Amino acid sequence: MNIPNSVVLWKDIHEISNKICKYYGMSYSKIVPETRKQSRHFGECRPCEKCCNAAHVDERNCNEKILSIRIHHLRDPRKPLATSTILRTLAHELAHLRCWDH
């Protein structure tokens, strides 16, 4: 079995998320790889720094949200997660763009 590398995975993630966001009229600022700090989660949707630091902006209404997606196993960073796991995580994080508290 030929396992895709990180570049191919990220390209696919961006293509899929762009199509979904265009269809549903949603937006985000960027998708980034997860960090070790997120080891308990497969993904995260968070407001941009500007909205986090502003006293008068509701974080839920931020239009520049940042999505973090894990694509590799924590114990073996060379081994990607199953495509179905990555897609489920992506779908979940994109859902936060539509309904923050879903």
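**Entry 1: cysteines**

I started with Cys99, which is partly exposed at a relative accessible area of 39%. I then looked up Cys48, which is buried at 11%. How many disulfides does the search return? The count comes to 0 disulfides. I note here that the model is predicted.

**Entry 2: overall layout**

I listed the secondary structure next. The chain has 3 helices and 3 strands. Along the sequence I read the pattern α-β-β-α-β-α. I also checked burial for the chain. Of its 102 residues, 34% are buried. Then I turned to contacts between residues at least 6 apart in sequence. Of these, 61% join residues at least 24 apart.

**Entry 3: pairing, strand by strand**

I kept a general point in mind: strands of a sheet pair through backbone hydrogen bonds, either parallel or antiparallel. Which sense does the pairing of strand 1 with strand 3 take, parallel or antiparallel? Strand 1, residues 30-33, pairs with strand 3 in the parallel sense, over 4 bridges. In that pairing I located Val32 opposite Ser68 of strand 3.

I then moved to the other partner. Strand 2, residues 43-46, runs antiparallel to strand 3 and is joined to it by 4 bridges. Gly43 stands opposite Ile69 of strand 3. Arg46 stands opposite Ile66 of strand 3.

**Entry 4: the two faces of strand 3**

I asked whether the faces of strand 3, residues 66-69, are covered or open. Both faces are covered. Ile66 and Ser68 lie on one side, and Leu67 and Ile69 lie on the other. I checked the four for burial, and they are all buried. The split into two pairs follows a general rule: in a regular strand the side chains alternate between the two faces of the sheet.

**Entry 5: nonpolar core**

I looked up the largest nonpolar core, which holds 16 residues. Which members touch the most others? They are Ile13, Ile31, Leu67, Ile69, Ile71, Ile86 and Leu97. I also traced where the core residues come from.

Ile13 is then in contact with Ile31, Ile69, Ile71, Ile86 and Leu90.

**Entry 6: salt bridges**

How many salt bridges does a search of the whole structure find? I count 3 salt bridges. I took them in sequence order.

Lys11 pairs with Glu15, and the closest N and O atoms are 2.9 Å apart. The two residues are 4 apart in helix 1, residues 6-24, so about one helical turn separates them. Lys11 is exposed, with a relative accessible area of 51%. Glu15 is partly exposed at 36%.

Glu44 pairs with Arg46, with 3.0 Å between the closest N and O atoms. I checked accessibility on both sides of the bridge. Glu44 is partly exposed at 30%. Arg46 is also partly exposed, at 28%.

Asp76 pairs with Arg78, and the closest N and O atoms are 3.3 Å apart. Arg78 is exposed, with a relative accessible area of 72%.

How values were computed
Residues numbered from 1 in each chain as written. Predicted model: local features only at pLDDT ≥ 70, side-chain atom pairs only at ≥ 80, totals over all residues. Heavy atoms only, no water. Buried < 20%, exposed > 50% of the residue type's maximum accessible area, 1.4 Å probe, protein only. Pairing = 2+ DSSP bridges. Salt bridge = Lys/Arg side-chain N within 4 Å of Asp/Glu carboxyl O. Disulfide = S-S within 2.5 Å. Core = buried A, V, L, I, M, F, W, Y, C linked by side-chain atoms within 4.5 Å. Contact = heavy atoms within 4.5 Å. Lists of a residue's contacts leave out its neighbours within four places in sequence.
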